[in-house]
Amino acid sequence: MLGSLAIAALLAPGAQADEVVGNVDIGAFRITGGGGSGNSVVLGTTDSRTITASLTVSDNSGIESADFTLFHGSGLSNADAVLKPSEVAPVCTTDGTTSVCTKHYTIDPRRDLDNSLAGIWKVAVEAKANDGDYVKTDGHTTFFMKRYARLTANASPEPVAKGGTLTVTGKLTRANWDTHDYRGYTNQRAYLEFRRPGTDYYESLGYVLTNSTGAATAKITATADRYWRYEFRGTMTTHGVKATGDFVDAR
């Protein structure tokens, strides 16, 4: 998947990175099956993920052909990773003057990814209309390739005396695509949250920063029965995660 960067089908030799002739409209790009919100693709250390990517293109004369490539790097001509689709060419369905073109990709973190590839990826597009209008661009839109994260929470002592000190500890780790295990994610905001019994929502008390091993520690005064957890809200390279709430009886 990270192999050859020769993409003659997308950009002819010598072509400029961005060319627009006429009024071809490149519309929405969508990823389904990515495991994250929006167009994010989230992977751990072992399991592969198959995603479906689709692109909408239209022109008043109709679309003759359209294709797209998913890559990592500053530009397609010097990309350091390109995803290889399952299909030789996209499958396009047409409704009037609009076409929706679809490809499937199976991504294996053990084979296809390393830590340097986490973050922003780009979508290069080539589309040609029936009247000769066309668009070639290697910067139509972006999506995120993110590392899976894990987060724990443990509140003690259990039970706790009302007015006593409760200590909530946790650990934030994330998938390491170089070593294929989970390592502590340091200097990240772990939001301490509580839920009142009988409710289904958590309230935040602020955050603590994880230490050099990914550990988080907070001390609070116990006033009533509560569920306690940490939440990590994610970064451009790492998916957000919420720990399972830990119930503490305050007596």
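1. **What you are looking at.** This is a predicted model, in which local features need pLDDT of at least 70, side-chain atom pairs count only at pLDDT 80 or more, and totals for chains, interfaces and linings use all residues. Residues are numbered from 1 along each chain as its sequence is written, and side-chain values use heavy atoms, with hydrogens and water left out.

2. **Overall make-up.** The protein has 20 strands and one helix. Both kinds of element are DSSP runs numbered from the N terminus: helices are H or I with at least four residues, and strands are E with at least two. Among contacts between residues at least 6 apart in sequence, 67% join residues at least 24 apart; a contact means heavy atoms within 4.5 Å.

3. **Outline.** The C-alpha trace spans about 75 × 40 × 25 Å along its principal axes. The radius of gyration is 24 Å, whereas a compact globule of 251 residues would have one near 18 Å. That radius is taken over C-alpha atoms, and the globule rule is 2.2 Å times the number of residues to the power 0.38.

4. **Surface and burial.** About 12100 Å² of the protein is accessible surface, and 47% of this belongs to carbon and sulfur atoms. Accessible areas come from the Shrake-Rupley method with a 1.4 Å probe, and for residues only the protein chains shown count as cover. Of the 251 residues, 44% count as buried. Buried means under 20% relative accessible area, exposed means over 50%, and partly exposed lies in between (1.4 Å probe, protein chains only).

5. **Charges.** There are 25 positive and 27 negative side chains, and the centres of the two sets lie 11 Å apart. Lys and Arg count as positive and Asp and Glu as negative, while His and the chain ends are not counted. Each charge is placed at NZ of Lys, CZ of Arg, CG of Asp or CD of Glu. The structure holds ten salt bridges, each being a side-chain nitrogen of Lys or Arg within 4 Å of a carboxyl oxygen of Asp or Glu.

6. **Glu64 and Lys128.** Glu64 is partly exposed at 46% relative accessibility, and Lys128 is partly exposed at 36%.

7. **Glu193 and Arg233.** In another salt bridge, the closest N and O atoms of Glu193 and Arg233 are 3.7 Å apart. Because Glu193 is in strand 15 (residues 189-195) and Arg233 is in the loop between strand 18 (226-232) and strand 19 (241-242), the pair links parts that are 40 residues apart in sequence. Glu193 is buried at 4% relative accessibility, whereas Arg233 is partly exposed at 47%.

8. Arg251 and Asp249 meet through their side chains in a salt bridge of 2.8 Å, N to O. Arg251 is exposed at 64% relative accessibility, while Asp249 is partly exposed at 24%. Elsewhere, salt bridges that share partners join Glu193, Arg229, Glu231 and Arg233 into one network.

9. **Cis peptide bonds.** The peptide bond from Ser156 to Pro157 is cis, with omega near 5°. Pro157 lies in the loop between strand 12 (154-156) and strand 13 (165-176). Glu158 and Pro159 are also joined by a cis peptide bond, with omega about -5°, and Pro159 is found in the loop between strand 12 and strand 13.

10. **Positive phi values.** His180, a residue other than glycine, has a positive phi near 60°. His180 is in the loop between strand 13 and strand 14 (181-184) and is partly exposed, with a relative accessible area of 33%. Asn187 has a positive phi near 55°; Asn187 lies in the loop between strand 14 and strand 15 and is exposed at 54% relative accessibility.

11. **Leu172.** To finish, visit Leu172 in strand 13, which is buried with a relative accessible area of 1%. Not counting residues up to four places away in sequence, Leu172 touches several residues, including Ala149, Leu151, Tyr185, Phe232 and Val241. The C-alpha atoms of Leu172 and Asn211 are separated by 9.5 Å, with the two residues 39 apart along the chain.
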